[in-house]
Amino acid sequence: MKRLRNIFLLLVLFGPLVSMGWSQNDQLRTSISSLKNLKKMVILENGRKKPLDTYAQNILKQFSGRSQFDGKPAIVWLSRVLLAPQQSVDDRVFLINHPQVLHSLGIKTGEDRDRYSYSQLGSYFLRLQNLAFSASKLGDDERTVVENEIIVLFNKLYLYRQLIESMQFSRPRRNLTIVNNRIKKSLGLSEKREEFSHLELMERINLLNSFRQDIMNKPGGKRSMSDNEILTVIRQLDKNATQTDPLPFIVIYEPQNQTENWISPRESLNKSYRLHNPPRKEIILLGQVSEAFLTGDQELFDRALSSFNDMTLKALEGKVTTGKISAEILYNQIDPFYRSEFFYGLSVFLLLLSFLFLKKWLYRSSFVLLVAGLMFHTYGMVSRMVVMSRPPVTNLYETFVFTGWMTVVLGIILEFFKKKKIGILTGSISGIIMLLIAGKYALEGDTMGMLVAVLDSNFWLSTHVITITVGFAGIVISGIIGHVYVFQMLFIGDKKDVVKNTFQSIYATQAFGLIFTFLGTVMGGMWADQSWGRFWGWDPKENGALVVILWSVILFHAKLSKWIGEKEFSLGTIIGVVTVALSWFGINLLGVGLHSYGFTSGIALVLMVFIILELTFVLSSGFFLKKKSRF
Amino acid sequence: MTLKKISPQPLIKFLASPKLTVICLFLLLMVVIWGTVYQVDHGLYASQQKFFYSWFVFLFGVLPIPGTVLIFWVLFLNVLSAMLFRIPLKWSNTGNILTHAGILIFFVGSFFTYYFSQESMISLREGEEKHFSISSRNWELAVWKAGQNKKIVYAVDADGLGPDDLIRIEPLDLDIRVLEYYKNCQAYVKSNGQDRAEIRNASGIHQLKPEPGHKEPSKNRSGLIFSVHSPVEIPGRILLFGGDRGPTLVEVGGSHHYFSLRKKRFLLPFALKLIDFKRIFYPGSSIIESYESRMELQVKELLREVIISMNKPLRYKNFTLYQSSYFIAKDGTEYSVLAVVENSGKFFPYIASIIIFMGLCVHFILMLMKKRKNQRHSFER
C-alpha cells in the first residue's frame with residue numbers, strides 16, 4: 001500500500017514534467033510536420049562541427065535569451081528563417097533590454113524589456129548600423145550598457161539578414177527573369193513561371209555558356225530580344241558570383257589539400273560558376289529541401305536531407321559520427337540541466353513542507369527528487385563529455401555545472417550519513433544556484449566551444465580543473481551549511497545536539513574543500529610548470545585560488561589557537577564562499593594575466609551585490625549571536 | 001614525548017605559536033589581494049616586484065608592512081618551530097607532521113626559485129640559429145673592438161647604473177663614467193641648445209627624456225649617456241638608446257670600439273635553430289588549435305631535432321623552453337618566440353605537494369576516525 005502511494009506520488013510529480021518535455025511536436029506553418037533530418041544536418045560554427053539543432057538553439061538564445069520560440073523548439077524557427085524567410089519576419093525574437101536603444105533608433109513606443117520582430121526593426125537597420133559603428137569606436141570604459149546593447153542588437157540583425165540570405169539561391173528571384181518561352185524550353189525550364197532561382201540557372205550553366213558563346217560569335221554584333229534576355233540573366237549570374245561576404249550557414253564540406261575546409265552553399269555555387277561547373281550534388285539536394293519545405297512535401301524533404309546528411313558524414317570520414325550527432329540532439333531535446341533545476345527546486349519545496357506535516361514521507365520524497373535531479377545532472381555532463389570527447393570541465397559554464405553536481409553529491413553523502421535534512425537542503429539549493437548561474441553563461445553562445453591551444457591538454461585539464469572545482473564545491477557547501485548553522489543558532493540554539501551536528505558537517509566539508517582546492521591549485525602549478533616552465537607566477541587566477549586556500553587555513557589555525565570558536569568558524573566559512581566567488585568571477589573581471597581564456601564581463605554588479613549581502617549577513621548574524629550568548 | 005618540555009624559551013614559544021601562523025597568513029592574504037588588484041593598473045612585473053618579491057610593502061609610500069619574502073621567512077621559522085617544539089610526535093599526528101614538513105619543503109623551493117631562477121626569451125625566424133636568450137626587461141652595455149676576426153663582446157649590467165658610476169672594462173683598458181641612465185626614456189633628434197657635435201650616437205639621437213616605466217617592462221626603452229676617460233679622454237659624450245638602429249662606433253686611443261645598449265643576453269649551453277613554425281586553426285575560425293616549432297638542438301657535436309608546442313616544452317637540464325608566442329613580419333616571415341626558464345629548484349614543489357596532500361588526507365581520515373570513535377563511545381555510554 002505504502003509503495004503504491006509512493007508510485008502514485010511520483011507519477012503525479014513526474015508525469016506532467018516528462019510529458020512537458022517529450023511531447024513537443026515540431027509543428028510548422030508549412031505542412032512539413034517533422035524536422036528530424038534537418039536537426040541532424042552538420043554545420044560548422046566557430047571551428048566546431050555540430051548538428052543544426054544545436055546551432056538553432058544557440059542562435060535563438062543569443063537573439064531572444066530563450067531556447068524555444070512560441071513554445072516550439074528553436075529548429076522550427078530556424079527552418080523558417082532559412083527556408084521561408086517571409087514566414088519569420090514577424091517572429092518577435094530580438095530581445096531589447098533597454099528602452100533607450102529603441103529611443104536611439106527613433107522608435108518611441110516600447111516596453112522596458114521586450115522582444116521585437118524583424119518587420120518592426122528592419123527599417124531601422126541603416127540607422128542601427130551607423131550607431132553601432134560609432135559605438136564600436138568608443139573604448140570599453142567609454143561605452144554604457146546602451147551602447148553595448150546597440151552593438152549587440154546590430155550583430156543580431158546582421159546575422160539574421162545573413163541567415164535569410166543563406167538559402168536564397170534556391171528560391172526564384174525577381175532579377176533572374178526569363179519571359180521568352182523559347183528560351184525556357186531550350187533551357188528545360190518551366191514555361192509557367194518567369195522568375196527562376198540561382199540554382200535552377202546554375203544547373204543549366206553549360207547551356208547558358210554555350211548560348212553566350214553563340215551570341216558573341218554572331219556576325220556584326222546583331223542581337224535579338226531573346227539574345228539580350230539571355231545576356232541579362234548571365235550578367236546577373238556574374239554579379240551573384242562576385243558576392244563574397246561570408247554567410248554563416250556553413251554546411252558544405254569540401255576538403256582542400258588534406259585540410260578540413262567548409263563553405264556556405266552560396267560560396268560553393270560561386271566556385272562552381274567560376275570553374276564553369278554545374279552545382280555540386282549537395283547544393284542540388286539543398287535546393288530540393290527548400291522546395292519541399294515550401295510545397296509541404298514531407299517525403300522529398302526527408303529524402304533530400306537524408307541524402308545530404310549521408311554525403312556529408314561519408315565525406316567527413318569519421319570526424320563526426322552519427323552517434324555523436326544523435327547524442328547531442330537528444331541532449332538538446334532532454335535539456336537535462338533544466339530538469340535538474342526543476343527537481344532540485346521541488347526537493348527544497350517538499351523538504352520545507354516536511355517541517356510542517358507528513359514529515360517522514362515528504363522528507364523521503366525530497367531525497368528521491370534530489371537523486372532524480374542528480375541523475376539528469378549526471379546525464380547532462382556525461383552527454384557533453386561523449387559529444388566533445390573531453391573532460392567535464394573545460395570552460396566557465398562547465399565549472400558551474402560541475403560544481404553544482406559536486407555540491408549535490410556532497411549533500412547526498414552528508415544526508416546519507418547524518419540524515420538531518422542539511423544534506424538535502426544545501427545540496428539542492430547549491431545545485432539550483434549553480435545551474436542558474438551556468439544558464440546565464442549559456443546565453444552567450446555555444447557552451448561546447450573549441451578549446452584554445454593552451455587548454456589543449458586532456459590530462460591536466462581533467463585533473464587540475466576538476467580537482468579545484470571539487471574543492472570549491474566543498475568550500476561552497478561548507479559556507480551554505482554555515483548559513484544553516486547561523487539560523488539554527490538564532491532560532492533553535494537550545495538544541496545543542498542539532499547545532500553540534502551541523503558544525504561537524506561544516507568542519508568536515510571545509511576540510512574536504514581545503515584538501516581539494518589545495519590539490520587542484522598544486523596541479524595547476526604543475527600544469528603551469530609543464531607548459532610555461534614555472535610553478536607559480538603570482539598571476540591573478542593563481543592568486544585567486546591562493547586566497548581561497550589561505551582563508552580556509554586561517555580558519556583552521558585560528559580555531560586551533562582558540563582565537564575563534566565554532567560560531568566564528570561557521571561565520572568564517574560564509575566568507576569562504578565570498579573568496580570562492582572572488583576567485584571564480586572577480587579575477588576574471590580584472591582582465592589581466594595569463595589565464596585570459598576564462599575572462600568574462602558584465603557580472604561586476606551581481607558579484608558586488610552578492611558580496612555585500614553575504615558580508616552584511618555575517619556581520620549582522622555575528623552581532624545577534626553575540627547578543628544572544630549574553631543572555 | 002614532545003620537545004616542548006625541554007625548550008620553554010619565550011621566543012621559541014612565540015615562533016611556534018599557531019597565532020603567529022594566523023597573523024602571517026592573514027598578512028599574506030592581504031598582500032596577495034592587494035598585489036592582484038595592483039596588476040590591473042601596473043602589470044604583473046611591477047606587482048611581483050612590489051608585493052611578492054619584496055621584504056616590505058610601503059603603505060602610502062611610507063608605512064612599511066611585511067612583503068611576501070618577509071612573511072615567507074617568518075612562516076618558515078614558524079612552521080619549523082612548530083614541528084620541532086609544538087606538534088607532539090605521535091602516530092595520531094602523522095598527517096599534521098607530514099603536511100607541515102611538506103610546507104617547509106615548499107618554502108625551500110620558493111627560496112631557491114626566488115634567488116636562483118632566471119627567465120628570458122628567444123625569438124627565431126625560420127632558418128635562424130641562436131645560442132643565447134635575451135632578457136625581456138634587463139639591459140646591458142656591450143662593448144667590442146671593431147675590425148676583429150673574432151668578435152669578443154664585453155657586457156656590463158646596465159640596470160642600477162646612476163650618474164658618476166665608474167665602469168672599468170679591463171681587457172679593453174676602458175674607463176667609462178656614467179652621466180645619465182634611464183630605465184625608460186624617449187629619444188629626440190633635436191637637442192635644446194646643446195652642441196650637436198658634443199654627442200655621439202649611431203642613430204643621430206641627441207637627447208633623452210626620462211619616462212615612467214611601462215606597465216609591461218619589455219616595452220621599456222632604456223638610455224645611457226657616458227664619457228670615456230681611459231686610455232685617453234674622449235671629447236664629448238656618447239649616447240646609447242635601447243631603440244638604436246645599430247651600435248655606435250667610437251675611436252678610443254687609436255682603436256675603434258663599438259658601444260651598444262641592448263637587452264641583457266644569457267649564453268645557453270646549447271644552440272637552437274628553427275626549422276619550421278606551424279599554426280593550426282580550427283576549420284572556419286580564427287581560434288588556434290595548436291602551434292608548434294620544429295627545431296634543431298645542438299650540443300657540441302650532437303645534433304637532434306626537437307618539437308616545442310603548446311603544453312609540450314623542451315626540457316634540457318635545468319632549462320625549460322616553451323612556446324610563448326609568435327609573430328609574422330610584414331614580409332610574411334614567421335618568428336617563433338620561446339620563453340626560457342632556468343630553475344634549479346623545479347622539483348621542490350612536486351615533492352612538497354605530494355607530501356602535503358598525503359599529510360592532509362591522513363589528517364582528514366584520522367580526524368574522521370576520531371570523531372566516529374567519540375560518537376561510538378558516547379553512544380555506548
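**Start with chain A**

Select chain A and colour by secondary structure: you get 25 helices and 10 strands (DSSP runs numbered from the N terminus, H or I of at least four residues for helices, E of at least two for strands). What you're looking at is a predicted model, where local features need pLDDT of at least 70, side-chain atom pairs count only at pLDDT 80 or more, and totals for chains, interfaces and linings use all residues. Residues are numbered from 1 along each chain as its sequence is written, while chains are lettered from A and ligands numbered from 1 in the order in which they are written.

Chain A averages 86, and 91% of the residues score at least 70. Now pick residues 1-28 of chain A: pLDDT stays under 50 there.

Zoom out, and the C-alpha atoms of chain A fill a box of roughly 115 × 65 × 55 Å along the principal axes.

**Into the cores**

Stay with chain A and pick Phe518(A). Which residues does Phe518(A) touch, leaving aside those up to four places away in sequence? They are Ile549(A), Ile356(B) and Leu360(B). Phe518(A) is also among the residues with the most contacts inside the largest nonpolar core, which has 129 residues; Val401(A) and Leu550(A) are others to click. (A nonpolar core is a set of buried Ala, Val, Leu, Ile, Met, Phe, Trp, Tyr and Cys residues joined through C-beta atoms within 7 Å; buried takes 20 or more other C-beta atoms within 10 Å of the residue's own, with C-beta atoms placed from the backbone.) A second, separate core of 68 residues includes Ile150(A) and Met167(A).

**Finish on a chain B sheet**

Select S6, S7, S11, S12 and S9 of chain B: in that order, these five strands form an open sheet with mixed pairing (a pair needs at least two DSSP bridges). Strands S6 (166-169) and S9 (199-200) are at the edges with a single partner strand each, so one side of each has no neighbour in the sheet. Last stop: S11 (residues 223-230) and S12 (residues 237-241) of chain B pair antiparallel over four bridges, and Gly223(B) has Phe241(B) as its bridge partner in S12(B).

Note on methods: A residue is buried if 20 or more other C-beta atoms lie within 10 Å of its own, exposed if 12 or fewer, and partly exposed in between; C-beta atoms are placed from the backbone. Two residues are in contact if their C-beta atoms, placed from the backbone, lie within 7 Å. pLDDT is the predictor's confidence in each residue, from 0 to 100.
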